Amino acid sequence: MPALATILVALLVVWLVVNFAKGPAYFTTIAFIGLTNGALYALVALGYTLVYGILELINFAHGDVFMLGAMFSATMLLSVFHLTPHASTGKLIVAIVGSLVVAMAACGILNAVIERVAYRPLRGAPRLAPLITAIGVSFILEDIAIAWKGPSYVSVPSLLPKGAVFSVGGVTYTWEKFIVVLITVPVLLALTWLVKRTRQGKAMRATAQDRDAAAMMGIDVNRTISFTFLIAGALAGTGGLVYALYFGQVRYDTGYQLGLIAFTAAVFGGIGNLPGAVLGALCIGFIQAFNEGLVWHAPGSDWTESIVFGLLILILVFRPEGLLGERTPEGA
(Lines give C-alpha, C1' and ligand atoms only; values in the text may rest on other atoms or scores of the structure.)
Protein backbone atom coordinates (compact mmCIF):
# COMPACT_ATOMS: atom_id res chain seq x y z
CA MET A 1 0.00 0.00 0.00
CA PRO A 2 2.81 2.54 0.69
CA ALA A 3 4.12 1.84 -2.82
CA LEU A 4 0.69 2.55 -4.29
CA ALA A 5 0.46 5.79 -2.34
CA THR A 6 3.91 6.82 -3.60
CA ILE A 7 2.87 6.16 -7.20
CA LEU A 8 -0.33 8.19 -6.80
CA VAL A 9 1.55 11.12 -5.26
CA ALA A 10 4.16 10.96 -8.04
CA LEU A 11 1.44 11.03 -10.71
CA LEU A 12 -0.20 14.00 -8.98
CA VAL A 13 3.09 15.90 -8.91
CA VAL A 14 3.72 15.18 -12.59
CA TRP A 15 0.21 16.36 -13.48
CA LEU A 16 0.70 19.62 -11.56
CA VAL A 17 4.15 20.23 -13.04
CA VAL A 18 2.90 19.70 -16.60
CA ASN A 19 -0.06 22.02 -16.05
CA PHE A 20 2.27 24.64 -14.59
CA ALA A 21 4.64 24.33 -17.55
CA LYS A 22 1.79 24.76 -20.03
CA GLY A 23 0.66 28.04 -18.43
CA PRO A 24 2.44 29.36 -15.33
CA ALA A 25 0.30 32.50 -15.05
CA TYR A 26 -2.97 30.60 -15.46
CA PHE A 27 -1.81 27.94 -12.97
CA THR A 28 -0.95 30.60 -10.39
CA THR A 29 -4.32 32.30 -10.88
CA ILE A 30 -6.10 28.99 -10.23
CA ALA A 31 -3.92 28.50 -7.14
CA PHE A 32 -5.11 31.85 -5.77
CA ILE A 33 -8.70 30.66 -6.22
CA GLY A 34 -7.80 27.52 -4.27
CA LEU A 35 -6.27 29.63 -1.51
CA THR A 36 -9.46 31.69 -1.25
CA ASN A 37 -11.71 28.62 -1.15
CA GLY A 38 -9.43 26.95 1.37
CA ALA A 39 -9.56 29.97 3.67
CA LEU A 40 -13.36 29.79 3.65
CA TYR A 41 -13.38 26.05 4.30
CA ALA A 42 -10.96 26.57 7.19
CA LEU A 43 -13.45 28.79 9.04
CA VAL A 44 -16.08 26.05 8.93
CA ALA A 45 -13.65 23.16 9.50
CA LEU A 46 -12.32 24.78 12.67
CA GLY A 47 -15.84 24.73 14.11
CA TYR A 48 -16.05 20.98 13.54
CA THR A 49 -12.63 20.36 15.03
CA LEU A 50 -13.24 22.55 18.11
CA VAL A 51 -16.42 20.70 19.05
CA TYR A 52 -14.94 17.28 18.31
CA GLY A 53 -11.83 18.10 20.32
CA ILE A 54 -13.82 18.85 23.45
CA LEU A 55 -16.80 16.45 23.14
CA GLU A 56 -15.75 13.93 20.48
CA LEU A 57 -19.02 14.84 18.76
CA ILE A 58 -19.44 15.37 15.02
CA ASN A 59 -21.80 18.35 15.02
CA PHE A 60 -23.47 17.83 11.65
CA ALA A 61 -25.66 20.86 12.32
CA HIS A 62 -22.59 23.09 12.09
CA GLY A 63 -22.88 23.46 8.32
CA ASP A 64 -26.44 24.69 8.71
CA VAL A 65 -25.36 27.22 11.33
CA PHE A 66 -22.91 28.46 8.69
CA MET A 67 -25.77 28.64 6.17
CA LEU A 68 -27.87 30.76 8.53
CA GLY A 69 -24.82 32.96 9.08
CA ALA A 70 -24.70 33.59 5.34
CA MET A 71 -28.40 34.49 5.40
CA PHE A 72 -27.92 36.80 8.39
CA SER A 73 -25.07 38.47 6.53
CA ALA A 74 -27.06 38.87 3.31
CA THR A 75 -29.92 40.43 5.25
CA MET A 76 -27.62 42.85 7.04
CA LEU A 77 -25.74 43.86 3.89
CA LEU A 78 -28.83 44.45 1.77
CA SER A 79 -31.69 45.32 4.13
CA VAL A 80 -29.87 47.11 6.96
CA PHE A 81 -26.85 48.74 5.31
CA HIS A 82 -28.49 48.95 1.85
CA LEU A 83 -25.25 48.23 0.04
CA THR A 84 -25.08 48.57 -3.72
CA PRO A 85 -22.38 47.31 -6.10
CA HIS A 86 -20.87 50.80 -6.34
CA ALA A 87 -20.90 51.73 -2.64
CA SER A 88 -18.04 53.83 -1.30
CA THR A 89 -15.11 52.14 0.39
CA GLY A 90 -16.01 53.63 3.77
CA LYS A 91 -19.60 52.39 3.61
CA LEU A 92 -18.43 48.97 2.44
CA ILE A 93 -16.03 48.60 5.37
CA VAL A 94 -18.68 49.68 7.90
CA ALA A 95 -21.22 47.29 6.38
CA ILE A 96 -18.81 44.35 6.35
CA VAL A 97 -17.67 44.92 9.94
CA GLY A 98 -21.24 45.45 11.18
CA SER A 99 -22.52 42.37 9.36
CA LEU A 100 -19.57 40.35 10.64
CA VAL A 101 -20.32 41.28 14.26
CA VAL A 102 -24.01 40.42 13.89
CA ALA A 103 -23.35 37.12 12.07
CA MET A 104 -20.74 36.03 14.62
CA ALA A 105 -22.97 36.93 17.57
CA ALA A 106 -26.12 35.38 16.12
CA CYS A 107 -24.46 32.13 15.06
CA GLY A 108 -22.44 31.89 18.26
CA ILE A 109 -25.54 32.25 20.43
CA LEU A 110 -27.49 29.85 18.21
CA ASN A 111 -24.77 27.21 18.47
CA ALA A 112 -24.56 27.62 22.26
CA VAL A 113 -28.34 27.23 22.53
CA ILE A 114 -28.20 24.07 20.39
CA GLU A 115 -25.58 22.64 22.74
CA ARG A 116 -27.63 23.48 25.82
CA VAL A 117 -30.95 22.18 24.50
CA ALA A 118 -30.01 19.28 22.23
CA TYR A 119 -26.58 17.95 23.21
CA ARG A 120 -26.09 18.52 26.93
CA PRO A 121 -28.97 16.26 28.03
CA LEU A 122 -27.41 13.46 25.96
CA ARG A 123 -23.86 13.88 27.19
CA GLY A 124 -23.89 10.57 29.06
CA ALA A 125 -25.84 8.71 26.39
CA PRO A 126 -24.32 6.30 23.83
CA ARG A 127 -22.53 8.12 21.02
CA LEU A 128 -25.18 7.26 18.47
CA ALA A 129 -27.80 9.36 20.30
CA PRO A 130 -26.09 12.79 20.00
CA LEU A 131 -25.06 11.93 16.43
CA ILE A 132 -28.67 11.31 15.40
CA THR A 133 -29.69 14.42 17.33
CA ALA A 134 -27.15 16.49 15.37
CA ILE A 135 -28.67 15.27 12.11
CA GLY A 136 -32.13 16.16 13.42
CA VAL A 137 -31.00 19.65 14.41
CA SER A 138 -29.56 20.05 10.91
CA PHE A 139 -32.97 19.40 9.36
CA ILE A 140 -34.63 21.77 11.82
CA LEU A 141 -32.25 24.59 10.86
CA GLU A 142 -32.86 23.95 7.17
CA ASP A 143 -36.63 24.15 7.75
CA ILE A 144 -36.15 27.42 9.63
CA ALA A 145 -34.20 28.79 6.65
CA ILE A 146 -36.97 27.72 4.26
CA ALA A 147 -39.62 29.35 6.44
CA TRP A 148 -37.55 32.54 6.64
CA LYS A 149 -36.17 32.95 3.11
CA GLY A 150 -38.00 30.33 1.09
CA PRO A 151 -36.53 27.46 -0.97
CA SER A 152 -34.95 29.68 -3.63
CA TYR A 153 -31.49 31.20 -3.59
CA VAL A 154 -30.91 34.39 -1.61
CA SER A 155 -28.79 36.50 -3.95
CA VAL A 156 -26.20 39.06 -2.95
CA PRO A 157 -25.03 41.39 -5.74
CA SER A 158 -21.34 41.74 -6.45
CA LEU A 159 -20.34 44.11 -3.66
CA LEU A 160 -16.60 43.57 -3.39
CA PRO A 161 -14.24 45.59 -5.61
CA LYS A 162 -12.72 43.60 -8.45
CA GLY A 163 -9.67 45.74 -9.16
CA ALA A 164 -6.18 44.32 -9.05
CA VAL A 165 -4.24 44.23 -5.79
CA PHE A 166 -1.16 43.44 -7.86
CA SER A 167 -0.37 42.14 -11.32
CA VAL A 168 2.94 40.40 -11.97
CA GLY A 169 3.93 38.36 -15.01
CA GLY A 170 0.37 38.01 -16.22
CA VAL A 171 -0.90 36.97 -12.77
CA THR A 172 -3.55 39.30 -11.38
CA TYR A 173 -4.65 39.05 -7.75
CA THR A 174 -7.97 40.82 -7.33
CA TRP A 175 -9.50 42.56 -4.35
CA GLU A 176 -12.48 40.24 -3.84
CA LYS A 177 -10.07 37.34 -3.20
CA PHE A 178 -7.79 39.42 -1.02
CA ILE A 179 -10.68 40.67 1.14
CA VAL A 180 -11.70 37.06 1.84
CA VAL A 181 -8.19 36.33 3.12
CA LEU A 182 -8.11 39.69 4.92
CA ILE A 183 -11.22 38.70 6.89
CA THR A 184 -10.19 35.10 7.47
CA VAL A 185 -6.57 35.37 8.61
CA PRO A 186 -7.15 37.72 11.60
CA VAL A 187 -10.01 35.49 12.77
CA LEU A 188 -7.80 32.40 12.61
CA LEU A 189 -4.96 34.17 14.42
CA ALA A 190 -7.37 35.40 17.11
CA LEU A 191 -8.66 31.84 17.59
CA THR A 192 -5.12 30.50 17.93
CA TRP A 193 -4.32 33.18 20.51
CA LEU A 194 -7.54 32.43 22.40
CA VAL A 195 -6.88 28.70 22.61
CA LYS A 196 -3.15 28.88 23.30
CA ARG A 197 -2.72 32.00 25.45
CA THR A 198 -5.86 32.77 27.44
CA ARG A 199 -7.25 31.34 30.66
CA GLN A 200 -10.40 30.25 28.88
CA GLY A 201 -8.32 28.58 26.20
CA LYS A 202 -6.44 26.62 28.85
CA ALA A 203 -9.78 25.54 30.30
CA MET A 204 -10.86 24.38 26.83
CA ARG A 205 -7.68 22.36 26.36
CA ALA A 206 -7.95 20.85 29.84
CA THR A 207 -11.59 19.89 29.28
CA ALA A 208 -10.72 18.33 25.94
CA GLN A 209 -7.96 16.28 27.55
CA ASP A 210 -9.93 15.01 30.58
CA ARG A 211 -13.31 16.41 31.59
CA ASP A 212 -13.38 14.75 35.00
CA ALA A 213 -9.89 15.92 35.93
CA ALA A 214 -10.69 19.44 34.69
CA ALA A 215 -13.79 19.53 36.90
CA MET A 216 -11.72 18.37 39.89
CA MET A 217 -9.32 21.27 39.27
CA GLY A 218 -12.17 23.78 39.51
CA ILE A 219 -12.98 24.28 35.82
CA ASP A 220 -16.65 24.79 35.03
CA VAL A 221 -16.94 22.11 32.36
CA ASN A 222 -20.46 23.03 31.23
CA ARG A 223 -19.53 26.67 30.79
CA THR A 224 -16.35 25.74 28.93
CA ILE A 225 -18.23 23.47 26.52
CA SER A 226 -20.87 26.17 25.94
CA PHE A 227 -18.08 28.68 25.27
CA THR A 228 -16.53 26.28 22.74
CA PHE A 229 -19.85 26.01 20.90
CA LEU A 230 -20.13 29.79 21.02
CA ILE A 231 -16.72 30.21 19.39
CA ALA A 232 -17.46 27.50 16.81
CA GLY A 233 -20.71 29.24 15.92
CA ALA A 234 -18.92 32.59 15.61
CA LEU A 235 -16.50 30.98 13.15
CA ALA A 236 -19.47 29.65 11.18
CA GLY A 237 -20.94 33.15 11.13
CA THR A 238 -17.68 34.55 9.80
CA GLY A 239 -17.64 31.87 7.13
CA GLY A 240 -21.23 32.74 6.24
CA LEU A 241 -20.35 36.39 5.68
CA VAL A 242 -17.35 35.47 3.54
CA TYR A 243 -19.44 33.03 1.50
CA ALA A 244 -22.22 35.56 0.90
CA LEU A 245 -19.75 38.21 -0.22
CA TYR A 246 -17.62 35.97 -2.40
CA PHE A 247 -20.11 33.56 -4.00
CA GLY A 248 -23.11 35.90 -3.97
CA GLN A 249 -25.89 33.40 -3.28
CA VAL A 250 -27.00 31.07 -0.51
CA ARG A 251 -29.82 28.59 -0.13
CA TYR A 252 -31.23 26.46 2.68
CA ASP A 253 -29.14 23.43 1.64
CA THR A 254 -25.86 25.31 1.10
CA GLY A 255 -24.58 24.34 4.52
CA TYR A 256 -25.08 20.63 3.88
CA GLN A 257 -22.67 20.37 0.96
CA LEU A 258 -20.10 22.86 2.21
CA GLY A 259 -20.35 21.41 5.72
CA LEU A 260 -19.45 17.96 4.42
CA ILE A 261 -16.48 19.39 2.53
CA ALA A 262 -15.31 21.26 5.65
CA PHE A 263 -15.76 18.12 7.76
CA THR A 264 -13.65 16.22 5.24
CA ALA A 265 -11.01 18.93 5.54
CA ALA A 266 -11.03 18.60 9.34
CA VAL A 267 -10.60 14.81 9.12
CA PHE A 268 -7.93 15.17 6.43
CA GLY A 269 -5.84 17.48 8.59
CA GLY A 270 -6.55 15.69 11.87
CA ILE A 271 -9.87 16.36 13.55
CA GLY A 272 -9.36 17.93 16.95
CA ASN A 273 -6.18 19.63 15.71
CA LEU A 274 -6.52 23.33 14.84
CA PRO A 275 -3.51 23.66 12.49
CA GLY A 276 -4.55 20.35 10.94
CA ALA A 277 -8.02 21.70 10.15
CA VAL A 278 -6.50 24.72 8.41
CA LEU A 279 -4.04 22.55 6.47
CA GLY A 280 -6.79 20.15 5.44
CA ALA A 281 -9.04 23.01 4.33
CA LEU A 282 -6.29 24.53 2.20
CA CYS A 283 -5.56 21.15 0.63
CA ILE A 284 -9.24 20.65 -0.22
CA GLY A 285 -9.40 24.20 -1.61
CA PHE A 286 -6.43 23.58 -3.90
CA ILE A 287 -7.74 20.16 -4.97
CA GLN A 288 -11.09 21.67 -5.93
CA ALA A 289 -9.56 24.63 -7.76
CA PHE A 290 -7.03 22.55 -9.70
CA ASN A 291 -9.59 19.89 -10.62
CA GLU A 292 -12.12 22.42 -11.88
CA GLY A 293 -9.73 25.00 -13.33
CA LEU A 294 -6.79 23.23 -14.95
CA VAL A 295 -7.17 22.17 -18.55
CA TRP A 296 -4.65 19.35 -19.10
CA HIS A 297 -6.31 16.04 -18.18
CA ALA A 298 -8.31 17.51 -15.29
CA PRO A 299 -11.39 15.40 -14.41
CA GLY A 300 -13.60 18.50 -14.21
CA SER A 301 -16.19 19.86 -11.80
CA ASP A 302 -18.46 16.80 -12.08
CA TRP A 303 -15.79 14.79 -10.29
CA THR A 304 -14.93 17.23 -7.51
CA GLU A 305 -17.12 15.67 -4.83
CA SER A 306 -16.06 12.15 -5.80
CA ILE A 307 -12.40 13.14 -5.49
CA VAL A 308 -12.90 14.92 -2.15
CA PHE A 309 -14.84 12.09 -0.54
CA GLY A 310 -12.62 9.46 -2.13
CA LEU A 311 -9.78 11.25 -0.38
CA LEU A 312 -11.75 11.06 2.87
CA ILE A 313 -12.11 7.29 2.49
CA LEU A 314 -8.39 6.88 1.84
CA ILE A 315 -7.52 8.97 4.88
CA LEU A 316 -9.87 6.98 7.11
CA VAL A 317 -8.41 3.71 5.85
CA PHE A 318 -4.67 4.47 5.82
CA ARG A 319 -4.22 7.34 8.29
CA PRO A 320 -7.36 7.82 10.39
CA GLU A 321 -5.65 10.37 12.64
CA GLY A 322 -5.13 12.74 9.68
CA LEU A 323 -2.04 14.57 8.50
CA LEU A 324 -1.25 16.36 11.76
CA GLY A 325 -3.31 14.30 14.22
CA GLU A 326 -1.82 11.98 16.78
CA ARG A 327 -2.49 8.27 16.70
CA THR A 328 -4.54 7.16 19.70
CA PRO A 329 -5.59 3.68 20.85
CA GLU A 330 -9.13 4.46 19.67
CA GLY A 331 -8.08 5.79 16.28
CA ALA A 332 -5.32 3.27 15.67
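**A guided reading of the predicted model**

Tyr173 is buried, with a relative accessible area of 5%; buried means under 20% relative accessible area, exposed over 50%, and partly exposed in between, for a 1.4 Å probe and protein chains only. The structure is a predicted model, in which local features need pLDDT of at least 70 and side-chain atom pairs count only at pLDDT 80 or more, while totals for chains, interfaces and linings use all residues. Residues are numbered from 1 along each chain as its sequence is written, and side-chain values use heavy atoms, with hydrogens and water left out.

The overall architecture comes next. The protein has twelve helices and four strands; helices (H or I, at least four residues) and strands (E, at least two) are DSSP runs, numbered from the N terminus. The radius of gyration is 20 Å, close to the 20 Å that the globule rule gives for 332 residues, so the protein is as compact as a globular protein of that length. That radius is taken over C-alpha atoms, and the globule rule is 2.2 Å times the number of residues to the power 0.38. Along the principal axes, the C-alpha trace spans about 60 × 55 × 40 Å.

Of the 332 residues, 46% count as buried. The accessible surface comes to about 16,000 Å², and carbon and sulfur atoms account for 68% of this surface; the areas come from the Shrake-Rupley method with a 1.4 Å probe, and for residues only the protein chains shown count as cover. Contact means heavy atoms within 4.5 Å. Among contacts between residues at least 6 apart in sequence, 74% join residues at least 24 apart. As for charge, the protein has 19 positive and 16 negative side chains, and the centres of the two sets lie 9 Å apart. Here Lys and Arg count as positive and Asp and Glu as negative, whereas His and the chain ends are not counted; the place of a charge is NZ of Lys, CZ of Arg, CG of Asp or CD of Glu.

Aromatic side chains lead back to Tyr173. Rings of Phe, Tyr and Trp (its six-membered ring) pair if their centres lie within 6.5 Å, and planes under 30 degrees apart count as stacked, over 60 as edge-to-face and the rest as tilted. By this rule the count comes to 15 aromatic pairs. In one of them, the ring centres of Phe32 and Tyr173 are 4.6 Å apart and the planes stand at 35°, so the pair is tilted. Phe32 belongs to helix 2 (residues 24-55) and Tyr173 to strand 3 (residues 171-174), so this pair ties together parts that are 141 residues apart in sequence. Both residues are members of one aromatic cluster, formed by Phe32, Phe166, Tyr173, Trp175 and Phe178.

Helix 2 also holds Asn37. Asn37 is buried, with a relative accessible area of 8%. Not counting residues up to four places away in sequence, Asn37 touches Tyr246, Phe247, Gly285 and Gln288.

Glu56 is placed in the loop between helix 2 and helix 3 (62-80) and is partly exposed, at a relative accessible area of 39%. Most residues other than glycine have a negative phi. Glu56, although not a glycine, has a positive phi of about 55°. His82, also not a glycine, has a positive phi of about 50° and lies in the loop between helix 3 and helix 4 (89-119). Leu83 is found in the loop between helix 3 and helix 4 as well, and at 5% relative accessibility Leu83 counts as buried. Leaving aside neighbours within four places in sequence, Leu83 is in contact with Leu77, Leu78, Lys91, Leu92, Ala95 and Leu159. The C-alpha atoms of Leu83 and Thr28, 55 residues apart along the chain, are separated by 32 Å.

Ala145, in helix 5 (residues 128-149), has a relative accessible area of 0%. With neighbours within four places in sequence set aside, the contacts of Ala145 are Met67, Leu68, Met71, Gly150 and Tyr252. Ile315, in helix 12 (residues 304-318), counts as buried at 10% relative accessibility. Under the same exclusion of neighbours within four places in sequence, Ile315 is in contact with Val267, Phe268, Pro320 and Gly322. The C-alpha atoms of Ile315 and Gly169, 146 residues apart along the chain, are separated by 37 Å.
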